[in-house]
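I opened my notebook to look up a few things in this model.

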Amino acid sequence: MPVSTTARATGILNTESRRVRDVSEGIFKLEPDSAPLTVLMARLRKKQVDDPKIEWFEDELIPRFDTLGNALAAGDATMTVSNFAYFRSGDLWQVADKEIVLVTATPTGTSVTITRGVGVTYTTGQAAANGGKLRLIASSAAENALGRDLLSTQKVPKFNYTEIFKHPFAVSRTAKYTKTFAGKDMVEEQANQLIEHRKDIEMAFLIGEKFEGSASTLPQRSTGGILPYLVTNISTIASLTEAAFEGFLRRAFRYGKKQKVFLGASNVMTIINGFARGKLQIVPKDQSYGVTLNEYMNSGRRLMLAEHPLLENELQTDISGLAGYGIVLDIEDLVLRYIGPNLAELQTNIQANDRDGRQDQYLSEVGLESHLEKKHGWLKGVTS
């Protein structure tokens with residue numbers, strides 16, 4: 001038996017493997033809440049669906065703006081427009097923010113017959129360049145006139161798919177009953193996989209593309225995210241100033257509610273915090289719906305700010321791509337659709353019957369229903 005001739009110290013205890021380790025009860029998670037969009041919709045806007053294809057209709061009011069398709073001379077009795085279906089007899093249109101003209105016949109092509117110089121400000125025709133702005137003012141009918149020509153917008157069908165997300169985890173029977181520091185291994189792995197499950201759904205809802213494979217009787221689908229759906233309110237701003245940010249918000253708030261959510265990359269949020277300190281206030285926990293939010297006060301608009309940890313690259317110094325994004329969302333026009341009894345179903349003991357262990361998995365079949373893309377906004381390319 002080994003003997004020691006020195007004072008007993010921790011080194012000897014190490015040799016004897018007798019030291020009791022001081023280990024905290026839990027395991028600290030690096031990213032416990034990485035899915036703010038999914039969390040918000042799960043609490044505010046979710047609805048069960050009974051088919052993997054999600055469908056809805058969208059509609060807009062009759063457009064009130066168009067552009068000239070050719071230059072308009074001062075003496076022209078017709079004007080060429082880009083979208084003749086917007087025009088009908090009796091309409092008053094303003095040309096290039098100046099002259100008002102009267103449409104005298106509902107057009108069947110891009111040439112619109114007009115009476116020039118209606119009004120007292122511009123009583124004669126005014127020349128306007130190709131691409132000049134046209135604005136619908138109102139309609140004007142003569143006394144005892146017949147009814148106006150009919151004009152309405154068509155409802156547009158939209159669709160998306162649900163996507164099946166799976167995150168399995170397993171332990172052997174021996175490991176299941178082995179005593180461990182920092183909690184039970186199966187319990188900790190269950191917590192980890194739920195975070196990974198939410199992150200997958202979150203990324204799909206942000207940048208996923210809708211897809212349905214048709215090569216099999218067992219189709220594989222993916223759901224389309226919000227960013228591929230946006231086409232209107234997109235601003236690329238490398239150097240984000242307060243004035244540039246306000247200009248972006250003006251466009252993003254043109255339609256929809258006056259309270260919206262802004263999900264920003266960490267670099268974008270740092271910049272906003274720098275120039276907007278006097279306009280920020282913390283949202284009380286009972287009103288934040290499980291997501292840490294700040295409110296940006298802006299002339300009657302309420303913008304709820306949340307830093308999004310998944311809008312990033314592998315290196316923190318890389319601020320390209322997603323790391324330069326900020327997304328304005330009208331949450332009331334986003335719906336989380338899911339198939340099945342639960343949003344995230346924990347299926348237990350799904351291992352083979354003769355398996356000497358246990359396997360569980362999280363399973364969700366969910367999709368994003370996103371209405372009226374003009375109500376949202378996408379800021380990208382921010383570096384400073």
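**Entry 1: a charged pair.** I note that this is a predicted model. I started with glutamate 295, which is buried at a relative accessible area of 11%. Which side chain does glutamate 295 meet in a salt bridge? I found arginine 302, at 2.9 Å from N to O. Arginine 302 is partly exposed, and its relative accessible area is 32%.

**Entry 2: a second pair.** Next I looked up aspartate 333 and lysine 375, whose side chains form a salt bridge of 3.0 Å, N to O. Aspartate 333 sits in the loop between β18 (326-329) and β19 (334-338), and lysine 375 in the loop between β21 (357-370) and β22 (377-380), so this pair ties together parts 42 residues apart in sequence. Is aspartate 333 buried or exposed? I wrote down buried, because its relative accessible area is 10% and the cut-off for buried is under 20%. Lysine 375 has 18% relative accessibility and therefore counts as buried.

**Entry 3: a third pair.** I then turned to lysine 155 and aspartate 59, which meet through their side chains in a salt bridge of 3.3 Å, N to O. How many residues apart in sequence are the parts that this pair ties together? The number is 96, because lysine 155 lies in the loop between β8 (133-139) and β9 (156-161), while aspartate 59 lies in the loop between β2 (53-58) and β3. Lysine 155 counts as exposed, at 51% relative accessibility. Aspartate 59 is partly exposed, with a relative accessible area of 34%.

**Entry 4: the count and a network.** I looked up the total and got 12 salt bridges. I also noted a network of salt bridges that links Asp97, Lys133 and Arg135.

Entry 5: Leucine 92 stands opposite leucine 102 in β6.

How values were computed: Residues numbered from 1 in each chain as written. Predicted model: local features only at pLDDT ≥ 70, side-chain atom pairs only at ≥ 80, totals over all residues. Heavy atoms only, no water. Pairing = 2+ DSSP bridges. Helix = DSSP H or I, 4+ residues; strand = E, 2+ residues; numbered from the N terminus. Salt bridge = Lys/Arg side-chain N within 4 Å of Asp/Glu carboxyl O. Buried < 20%, exposed > 50% of the residue type's maximum accessible area, 1.4 Å probe, protein only.
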